[in-house]
Amino acid sequence: MLAHLASFAWDAPSVDLHALAPEIVVAATLVVVLVIDAFTGEEQRWAASSVAGIGLLVALVPVATLAYDGATRVMFGGGYVVDDYALVLKALFLLSGYVVVLLSTNYIAEGDYWEGEYYQLLLASVLGMMVMASARDLISIFVALELLSIPAYMLAAWRKRDLKSDEAGVKYYLMGVFASAVMLYGMSVIYGYTGSTLLAEIAPRIGELVTSEPIITLGIVFVLIGFGFKVSAVPFHTWAPDTYEGAPTPVTAFLAVASKAAGFVALLNLIYVGFWGRHDVYEPLMWVLAALTMTIGNLIALRQTNVVRMLAYSGIAQAGYILAPLAIAGSSPEAADQALHSIVVYLLIYAAMNLGAFAVVMAVARKTRSAEIDTFGGLFSYAPGLTVAMSLFLFSLAGVPPAAGWFAKIGIFQALASAGDTSGYVLAVVVAVNSVIAFAYYGRLMRVMWMDDVPDGDTTPIRVPTSITAALVITAAVTLVIGVVPGVLTHFTDPINLLALGR
Amino acid sequence: MFGLLVAQNIAFYVIAALIVFGALRVVTCKNLVHAALWLVLVLAGVAGQYILLAAEFVAVTQVLVYLGAIVVLFLFGIMLTRAKTGHDLELDNPTPAKVGAGVIGVLLLGVMGYALWDAWRGQELGDIVVQRTAEVSDSLFSTYLLPFEVISVLLLAALIGAIVLARRD
Amino acid sequence: MLVNQFLFLGAVLFCIGVYGVLARRNAVLVLMSIELVLNAVNINLVAFGAMWHATDPANLSGQVFALFVIAVAAAEVGVGLALVLMIYRNRQSIDLDEVDLLKG
């Protein structure tokens with residue numbers, strides 16, 4: 001009997017606490033916010049936002065020490081990896097989480113919402129994203145996806161008594177849950193075929209086949225479609241505009257930036273570490289998704305009259321640009337490297353410029369109580385600072401120097417060209433055409449802000465709260481500095497490397 | 001041994017037929033409460049299949065969590081949101097949408113069936129060894145320790161959020 | 001027993017679930033259909049788990065994965081029904097086609 005028991009001896013896993021420190025800090029912050037919220041009265045409610053913000057910044061400290069240390073830390077047999085790639089993305093998630101906290105502070109405090117709980121869910125979602133950056137195992141990826149999504153479903157419905165917000169939450173929830181169920185089916189057959197949930201073990205077993213087996217194709221397609229939903233790729237984008245318009249604006253910014261970036265991170269992990277050898281499956285799929293996403297996103301963005309919806313569709317189009325390099329990632333290790341760098345750089349720049357744009361929209365909406373494009377008329381005459389900032393972000397989104405967007409877009413073109421085949425060049429042309437289309441609607445908003453008259457003639461200046469000003473300063477500074485000196489960014493992104501194969 | 005195999009096969013097909021029938025009723029019947037009760041049949045049948053596969057711990061979890069908690073949640077949800085628990089014609093999309101959904105379902109079944117047949121035709125399950133709960137827990141608390149911890153945060157977050165959304169204020 | 005017995009059962013359940021998601025318009029029924037899909041996934045995972053366990057006794061990923069799916073499904077249903085309750089409070093109905101204030 002004893003010998004029998006001994007055969008089930010449990011091997012304590014080796015846990016590297018330093019490597020997990022950023023996640024632990026965020027989880028601890030969540031608990032602190034929970035306790036503070038439970039034991040303080042109505043007048044200390046502001047503490048939740050401050051503690052959440054401080055916690056997110058403190059979590060950057062271990063990220064920095066890990067980056068300084070430089071070693072790649074592998075845990076749980078390869079299921080959890082902390083390397084340069086994961087650290088850069090964790091920093092992105094923490095910083096964008098911090099900016100979202102700044103954007104939320106006044107909005108949530110003034111709107112009679114549940115405050116402490118709001119920040120707890122926000123922290124839980126950020127934690128899910130950080131885990132996702134390191135997850136290299138189907139189970140970890142699934143669990144991280146759910147941890148980042150489930151709080152987001154509820155945050156989208158946070159304006160409880162508003163029917164639009166309810167609808168935003170339910171739509172997002174039902175489509176998200178269904179997409180993750182389909183993704184799980186794909187994961188189950190991939191596990192069944194390879195016998196492992198570790199991406200590093202899956203890669204050789206499906207990569208060694210000369211052509212893909214139908215079941216592998218099915219599995220990969222289902223998994224990628226599940227994440228196509230998360231990054232709002234056309235035709236899985238239908239939730240995005242409604243959810244973005246209905247959700248509280250800071251949550252919209254969070255979904256449009258952090259949640260979308262987390263979806264891309266999962267796609268990168270899966271494709272680069274797990275499916276890289278099966279480029280005959282994912283390249284055509286990504287090609288079609290990318291081309292559809294950017295074209296349809298841009299065409300619908302042209303017709304929008306609401307700035308938040310316009311930004312939502314422009315975000316869909318941007319997702320198309322970010323998907324594009326994945327369509328050529330499998331052609332050679334060099335092309336894969338180029339594609340990876342271009343995507344990470346794009347995600348970082350996209351986060352700064354899009355959060356900035358949302359910050360301006362929120363600041364303006366504090367006065368006008370609306371996000372219709374007309375209400376931005378004559379903004380320059382009474383809020384020149386905001387107008388200049390918004391112009392910077394719009395330049396960046398359109399890819400006009402000196403704002404950072406041009407550098408991101410050049411990266412995409414370089415990656416597409418590096419494959420040296422027709423599909424890459426054709427897709428590069430599609431990206432170029434779409435960039436031109438996008439000028440139209442960015443330009444329209446610009447013209448309204450600078451040229452038009454104030455619709456109601458009310459030119460009292462906008463009082464921008466400190467926290468939104470801080471968010472604007474951070475995002476504008478990042479957008480401008482990276483645009484002028486891209487080296488600041490590439491210093492961090494150059495060491496990134498993610499291929500499990502072909503080395 | 002052969003007799004056992006035949007018995008297992010008979011059990012499989014009987015339970016599978018119940019599952020498929022129950023599932024079809026879940027997606028077609030015109031009464032919310034009946035749909036939830038058909039779902040019970042499906043979930044219980046699935047637990048039976050887990051026992052045939054010698055996955056005892058998952059079978060017990062299926063009964064405790066799915067049958068014990070999730071179905072009860074569904075019933076609560078139905079009772080709290082709808083006085084009308086009888087026959088209801090407004091549960092479905094219009095007929096064209098249903099036909100489209102049926103076509104998609106059948107096509108999908110064809111594609112998936114072919115892919116599965118192609119990959120595992122003739123593959124035997126082999127001698128199914130009972131997968132002991134102790135082994136499952138060893139795996140859960142070593143290789144999969146991290147997702148396990150992450151799930152605990154997830155459940156906390158779901159709890160907090162669900163209370164805020166569902167409460168009257 | 002053949003592995004495919006279980007996999008075909010899973011595929012049938014999956015497709016019935018997909019049909020339900022597309023054909024139903026009551027939010028609770030859509031959620032039930034999604035549960036069918038998740039159960040299809042779990043049948044797959046446990047069957048594959050048993051198959052791989054027979055060749056390699058240390059391989060229990062299938063079962064563990066299924067447990068994670070069950071746990072997450074419980075959290076999802078809890079959140080889903082909270083959302084449904086909230087909507088019902090605001091508009092006395094949970095039909096999805098009435099939820100259409102916002103248009104593409």
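**View 1. The largest nonpolar core of the predicted model.** The largest nonpolar core has 319 residues, and those with the most contacts inside it are A:L103, A:M132, A:L147, A:L347, A:I349 and C:F68. Helix α15(A) gives the most to this core, with 24 residues. A nonpolar core is here a set of buried Ala, Val, Leu, Ile, Met, Phe, Trp, Tyr and Cys residues joined through C-beta atoms within 7 Å; a residue is buried if 20 or more other C-beta atoms lie within 10 Å of its own, exposed if 12 or fewer, and partly exposed in between, with C-beta atoms placed from the backbone. This is a predicted model, in which local features need pLDDT of at least 70 and side-chain atom pairs count only at pLDDT 80 or more, while totals for chains, interfaces and linings use all residues. Residues are numbered from 1 along each chain as its sequence is written, and chains are lettered from A and ligands numbered from 1 in the order in which they are written.

View 2. Leaving aside its neighbours within four places in sequence, A:I349 is in contact (C-beta atoms, placed from the backbone, within 7 Å) with A:A404, A:G405, A:F407, A:A408 and A:I482. In α18(A), the buried residues are A:G405, A:F407, A:A408, A:K409, A:G411, A:I412, A:A415 and A:L416, and they pack against α14, α15, α17, α19 and α20 of chain A. Helix α18 covers residues 405-418 of chain A, and its 14 residues reach 20 Å from first C-alpha to last, close to the 20 Å expected at 1.5 Å a residue, where the expected span is 1.5 Å times one less than the number of residues. Helices are DSSP runs of H or I with at least four residues, and strands are runs of E with at least two, numbered from the N terminus. After α18(A) comes A:G420, whose phi is positive, near 70 degrees.

**View 3. The side of chain B that touches chain C.** The contact takes 75 residues from chain B and 64 residues from chain C. On the chain B side, α1, α2, α3, α4, α5 and α6 each supply at least two residues, and α3(B) gives the most, with 14 residues. The residues of this side divide into 52 nonpolar, 16 polar and seven charged; Ala, Val, Leu, Ile, Met, Phe, Trp, Tyr, Cys and Pro count as nonpolar, Asp, Glu, Lys and Arg as charged, and the others, Gly among them, as polar.

Terms used
Contact = placed C-beta atoms within 7 Å.
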